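Here are my notes on the model for you to read beside the structure. Take the points in order and find each residue as you go.

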Amino acid sequence: GGPDQNLILLDDAVVYNPGHLFGFFSVFNGDALKNVSLIKGGMPANYGGRISSVVDVAMKEGNNKTFQAEGGIGTISSRLSLQGPLVKEKASWMVSARRTYIDVLVRPFINPESPFAGSGYYFYDLNAKMNYRFSDKDRLYVSGYFGRDVFSFNNRQRSFNAHIPWGNSTGTIRWNHVFSNKLFANTSVVWNDYRFQFSGGQSNFQVNFNSDIRDVTAKIDFDYYPATGHQLKYGAIYTRHRFNPQTTSGRSGDQEFSPLGVNNKFADELAVYLLDDWEVHSRLKLNYGLRYSYFQQVGPYTLFQRDAFGNNLDSTVYGQGQRVKGYGGLEPRITARYTLNESTSLK
């Protein structure tokens, strides 16, 4: 699948761009990660919104017994991770940071009189997480991620400059509650934002460009274990999308131009699911489930009717929260594995 067909999650938050330096480096700092689950195809019903693979990443929760530090210095980047208890054996925290410094190392070797002085590139990541156990049945997790790529270019001979930062931000609050030794639930509120910015100019002309995607998500997941080797999972998820495809502003001399209004678009996404992960016997394992997904664009939005030449003929105005267009449907799915012997299986 294409990059947009892969679902990439960091503590339940969608990461829209998982790479630094146009994909040469991952946005995930290994020192901050607890585990990574990769589903190459046939994802279970609790995942949706994409048609290809799933990469589900969870951050470390912090050492709740003692303070711990680790890091590394490399030729391209350095990293440092700290973790320890807030309340011993009850609450803990973790902070992890990483940054490249090629721009800093190269700067002394660039002639200040060079027309390209001040150009450079770097990226950085910051992960943080804390958790608190209120009781044997209740635990709260709070985590966040912030990362940016920053590219700057100067050409004094042509009086040209450009500054291009882009990156992801995420935040997750999750409450884990145990009802019994067979049933527990996770309730989460998630925020994520991907933003691309460009500012550049030549002589007296300056232009700024912004584009971003911002989501707010609420979800609840139940896990029920009726018997050994048998797991039922069900839940619901709602996401409010805000898309800003393009906002442009600028200045030429004393004249400034800005958009009449930010071209934001809004959408609601809702899904409910039920799945059964069942090891029927030592040779046969099934994972089957049903998911209903619904996506709708909502106002405020103005829909223009145009002729073949792009001229506006008429328009329809949709108010705040008013439905513009909706899509929904059932998504049944099943995967099965039958083990023939120690080295062979049918899937």
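1. Start with a term. A salt bridge is a side-chain nitrogen of Lys or Arg within 4 Å of a carboxyl oxygen of Asp or Glu. Arg333 and Glu331 form one, with their closest N and O atoms 2.6 Å apart. Glu331 is partly exposed, because its relative accessibility is 26% (buried is under 20% relative accessible area, exposed over 50%, partly exposed in between, with a 1.4 Å probe and protein chains only).

2. A word on the source. This is a predicted model, where local features need pLDDT of at least 70 and side-chain atom pairs count only at pLDDT 80 or more, while totals for chains, interfaces and linings use all residues. Residues are numbered from 1 along each chain as its sequence is written, and side-chain values use heavy atoms, leaving out hydrogens and water.

3. The whole structure holds 13 salt bridges. One of them joins Glu61 to Lys34, at 3.1 Å between the closest N and O atoms. These partners are 27 residues apart: Glu61 is in the loop between β6 and β7 (68-73), Lys34 in strand β5 (residues 33-39). Strands (E, at least two residues) and helices (H or I, at least four) are DSSP runs, numbered from the N terminus.

4. Lys219 is buried at 16% relative accessibility, and Asp221 is buried at 10%.

5. Now the rings. Rings of Phe, Tyr and Trp (its six-membered ring) pair if their centres lie within 6.5 Å; planes under 30 degrees apart count as stacked, over 60 as edge-to-face and the rest as tilted. The count comes to twelve aromatic pairs. Tyr124 and Phe146 make a tilted one, 6.1 Å centre to centre with 35° between the planes. Tyr124 belongs to strand β10 (residues 120-133) and Phe146 to strand β11 (residues 138-155).

6. Why is the pair of Phe222 and Tyr234 stacked? Its ring centres are 5.2 Å apart and its planes meet at 15°, so it counts as stacked. Phe222 is in strand β14 (residues 205-227) and Tyr234 in strand β15 (residues 230-252), so the pair ties together parts twelve residues apart in sequence.

7. Last, the core. A nonpolar core is a set of buried Ala, Val, Leu, Ile, Met, Phe, Trp, Tyr and Cys residues joined through side-chain atoms within 4.5 Å. The largest has eleven residues, among them Ile8, Phe28, Met59 and Tyr145. Strands β1 (7-10) and β6 (54-59) each give it two or more residues.
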